[in-house]
Amino acid sequence: MIKKFLYKVKNNQLLFFITKTILFLLIVLILDFAIGNLLSYFYFKQESGLQYRTTYSIEKTTADVLIFGSSRANHHYKPEVFEKELNLNYYNVGRDGSSILYHYAVLNAILKRYIPKMIILDLNDSEFRQSQETYERLSSLLPYYRKHPEIRSIIELRSKYEKYKLYSSIYPYNSVLSTIIIGNTKRNKERKGDNLGYIPLNMTWTEEIKINNNEEKYPIDSLKVKMFLGFVTKCKSANIRLYVVFSPFYVKYIREDYSVKLAKEITKKYNIIFFDYSNDSTFITKKSFFADFGHLNDQGAKFFSKKIIEQIKKTSSIKATN
């Protein structure tokens, strides 16, 4: 019977082509499924590094205090100071190069599991500026697409074809293969790269202060503003103490950044406290606190953490007496 079918296939070119195509597609699908699942296994098996911190943030942390933001969040908030001064446990869910799109997605995943007591959202200048790159950087969330329906709509913002690409099991990992390999090595597991998501910088900046003379207004991405508003209102609805912070740069701002101005307007409307450290004399006169113009070093982070906790305690006592 099978021999008869194979004979017919060989003698019918169209049928032969269709059969070959189906077999090829079947092999591709099997390989995609097998390789994709293997990559997924080793991705989620990591116990240190950038990808592990994202997994821990989305799926595991139950800390009382969470720090959101980009690399400045990772480098500016020292956990020992927070835990000692506030008597609350801490985790830093920040990620290098991330934007409000990423922060909002991670918040959605966290709130599905539990409600933290306090959140600090570290905001960048130009946070709401139009930029396709910020959407492309949502690739860091691709491995979580299937397991976390609460963040799918945000991931799909990368492109109009994103949800179709994600039918592939390999696609979420095709740009992080080398990182997965390194992340599973013994050496990577033994290295101490971070402390509860905080990554200390030990360099000292030696160059002169930068002058920021950006335009008063620039093109704003309304979707990013919407995500920021969503972040604020979700924290408000969950009774989470939210503080939005523009942490120090070694930069002299000639005028207030437009994104910061918009964020202040939103936080004021919802009675959320905004701490603005742009042009703060304590920091722009203290070069030794910085590792580069955009990031505090470990000494600066310790000083800044104490300073911001003082402000948090003051505002908490003010609220308590109102």
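Which residue follows H13, and is its phi positive or negative? In this predicted model, H13 is followed by Asn271, whose phi is positive, near 60°.

Helix H13 covers residues 258-269. Its 12 residues should span 16 Å at 1.5 Å a residue, and the end C-alpha atoms are 17 Å apart, which agrees. The buried residues of H13 are Tyr258, Ser259, Val260, Leu262, Ala263, Ile266 and Thr267. Their cover includes helix H12 (222-237), strand S5 (241-246) and strand S7 (273-276).

H13 is also tied to S7 through charge. Lys264 in helix H13 and Asp276 in strand S7 are 12 residues apart. Their side chains meet in a salt bridge, 2.8 Å from N to O. Asp276 has a relative accessible area of 28%, so it is partly exposed. Lys264, at 27%, also counts as partly exposed. Salt bridges with shared partners join Glu256, Lys264 and Asp276 into one network.

The count of salt bridges comes to 10. One of them pairs Glu133 with Arg137, at 2.8 Å from N to O. Glu133 counts as partly exposed because its relative accessibility is 42%. Arg137 is partly exposed, with a relative accessible area of 42%. Another salt bridge joins Arg158 and Glu162, again at 2.8 Å. Here Arg158 counts as buried at 18% relative accessibility. Glu162 counts as buried at 1%.

Glu127 is buried yet has no salt bridge. The nearest side chain of opposite charge, Lys224, is 6.4 Å away. Glu127 lies in the loop between strand S3 (118-122) and helix H7 (132-136). A polar atom of the Glu127 side chain lies 3.1 Å from the backbone nitrogen of Asn124. Beyond neighbours within four places in sequence, Glu127 is in contact with Ser99, Ile100, Lys224 and Ser259.

In soluble globular proteins, nonpolar side chains tend to be buried together. The largest nonpolar core in this model has 57 residues. Leu66, Phe68, Ile119, Leu141, Phe228, Phe231 and Leu242 touch the most other members. Helix H6 (residues 100-113) gives the most to this core, with 9 residues. Apart from this core lies another, of 28 residues, among them Ala73, Tyr250, Phe290 and Leu296. Neighbours within four places aside, the contacts of Leu66 include Tyr91, Val93, Ile110, Tyr114 and Ile119.

Key: Residues are numbered from 1 along each chain as its sequence is written. This is a predicted model: local features need pLDDT of at least 70, side-chain atom pairs count only at pLDDT 80 or more; totals for chains, interfaces and linings use all residues. Side-chain values use heavy atoms; hydrogens and water are left out. Helices (H or I, at least four residues) and strands (E, at least two) are DSSP runs, numbered from the N terminus. The expected span of a helix is 1.5 Å times one less than its number of residues. Buried means under 20% relative accessible area, exposed over 50%, partly exposed in between (1.4 Å probe, protein chains only). Contact means heavy atoms within 4.5 Å. Lys and Arg count as positive and Asp and Glu as negative; His and the chain ends are not counted. A salt bridge is a side-chain nitrogen of Lys or Arg within 4 Å of a carboxyl oxygen of Asp or Glu. A polar contact is a pair of N or O atoms within 3.5 Å; within protein, one must be able to donate a hydrogen and the other to accept it, and residues adjacent in sequence count only if both atoms are side-chain atoms. A nonpolar core is a set of buried Ala, Val, Leu, Ile, Met, Phe, Trp, Tyr and Cys residues joined through side-chain atoms within 4.5 Å.
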